[in-house]
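I opened the model to look up a few local features and kept notes as I went. The entries follow in the order I made them.

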Amino acid sequence: MMNTTEELVNRILDGDRLALARAITVVENESPGHREIVKAAYRHSGRAYVVGVTGSPGTGKSTLTDGLIDAARNEGKKVGVIAVDPTSPFTGGAILGDRIRMQTRSIDPDVFIRSLATRGHLGGLSRATGATLHLLDAFGCDVIFIETVGTGQSEVEIMRYAHTVVVVAAPGMGDDVQAMKAGIMEIGDVFAVNKADREGAGRTALEIEYMLDMSPPGRGWRPPVVKTVAVSGEGIALLASKISEHAAYVRQSGEMQKHALQASEFDVSEVLAQAVVEPLIEKSKARGLWDDVISKVASRELDPYTAVDILIESRKTE
């Protein structure tokens with residue numbers, strides 16, 4: 001039995017998969033003790049390289065990620081995968097889980113895959129993503145892949161976690177490439193045109209190259225565009241090599257340290273919001289103040305800024 005947080009985390013550090021699975025479940029559900037688990041594991045994290053795989057639904061992100069797992073394992077790396085899925089309206093759990101799609105990986109002791117439900121969290125990720133990332137890092141993963149839910153332009157949040165972001169497109173997706181212009185193009189470090197055996201793959205790749213040519217100057221890295229056929233493995237080795245090239249650039253250019261600062265700032269901001277903002281809202285609701293303030297904002301008796309001032313002031317009278 002894992003009776004204490006210290007014992008649970010020590011087992012994770014020793015490579016106990018059951019302990020890791022249990023810890024992630026506690027963290028995802030925000031069960032009692034979840035903060036202590038992350039606190040204890042955090043000091044043992046910070047070594048893994050994180051690769052985000054994002055793009056519109058239907059581009060084959062899961063199959064592509066599966067191929068990248070193979071490439072990493074061929075290099076002897078220990079791999080973690082966070083697959084973020086939509087939330088079941090009945091159970092609150094992840095549906096269309098990538099653990100099913102990648103179930104053959106379960107026999108490999110050096111691959112750990114976990115699906116997380118978005119549970120209404122915007123940005124294509126789950127609120128538990130960051131904490132799960134730290135646990136997989138402490139578990140000893142050399143590389144961690146984060147596959148986003150696939151909601152399009154809102155997926156820029158992946159930048160806060162991933163050192164390298166792979167944006168996946170595919171031919172025949174209608175306005176897929178056009179949609180990328182509005183935001184997701186800027187986050188890509190490597191672009192994969194998957195399902196490249198389909199008609200129009202060359203045109204899709206050229207459109208991405210053209211948009212990259214139109215990007216503002218000043219970026220030290222020119223994102224490569226790689227054509228892949230994930231179901232057959234074609235292009236996966238080249239894609240993996242481009243990810244490795246970007247990893248080398250990140251380490252040599254000082255981007256690694258910059259990313260660590262940005263990720264830490266985001267982590268602290270998220271925890272601060274959970275510790276301060278959410279309790280304030282819950283207490284305001286319990287006292288009936290929340291509904292009163294919201295009603296007055298809706299009727300234009302109050303503006304949102306004054307409403308927030310009232311809510312903050314209410315804490316001082318507790």
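**A buried alanine**

I looked up A19 and found 0% relative accessibility, so I noted A19 as buried, the limit being under 20%. The model is a predicted one, and I read every entry here with that in mind. I placed A19 in helix α2, which covers residues 17–28. I then checked A19 against E7, 12 residues apart from it along the chain, and found 9.2 Å between the two C-alpha atoms.

**The second largest pocket**

I turned to the second largest pocket and noted a space of about 450 Å³. I counted 17 residues in its lining, and I listed M159, D189, R219, H246 and E255 as the closest to the pocket centre. Which helix gives the largest share of this lining? I found that α10 does, with 4 residues. I noted that α9 (236–253) and α10 (255–286) each supply at least two residues of the lining. By residue class, I sorted the lining into 7 nonpolar, 5 polar and 5 charged residues.

I looked next for nonpolar surface and noted a patch of about 240 Å², made by L272, V276 and V277. I took V277 as the residue to check and placed V277 in helix α10, the helix I had already noted for its 4 residues in the pocket lining.

How values were computed
Residues are numbered from 1 along each chain as its sequence is written. This is a predicted model: local features need pLDDT of at least 70, side-chain atom pairs count only at pLDDT 80 or more; totals for chains, interfaces and linings use all residues. Side-chain values use heavy atoms; hydrogens and water are left out. On a 1 Å grid over the protein atoms alone, a cavity is a set of points where a 1.4 Å probe fits but cannot get out, and a pocket is an open set with protein on both sides within 12 Å along at least five of seven lines; lining residues have an atom within 4 Å of a point. Grid points are joined across faces, edges and corners, and a volume is the space filled by probe spheres set on the points. Ala, Val, Leu, Ile, Met, Phe, Trp, Tyr, Cys and Pro count as nonpolar, Asp, Glu, Lys and Arg as charged, and the others, Gly among them, as polar. Patches are made of residues with over 30% relative accessible area and no salt bridge: like charges are joined within 9 Å, nonpolar side chains (Val, Leu, Ile, Met, Phe, Trp, Tyr) within 5 Å. Accessible areas come from the Shrake-Rupley method with a 1.4 Å probe; for residues, only the protein chains shown count as cover. A salt bridge is a side-chain nitrogen of Lys or Arg within 4 Å of a carboxyl oxygen of Asp or Glu. Buried means under 20% relative accessible area, exposed over 50%, partly exposed in between (1.4 Å probe, protein chains only).
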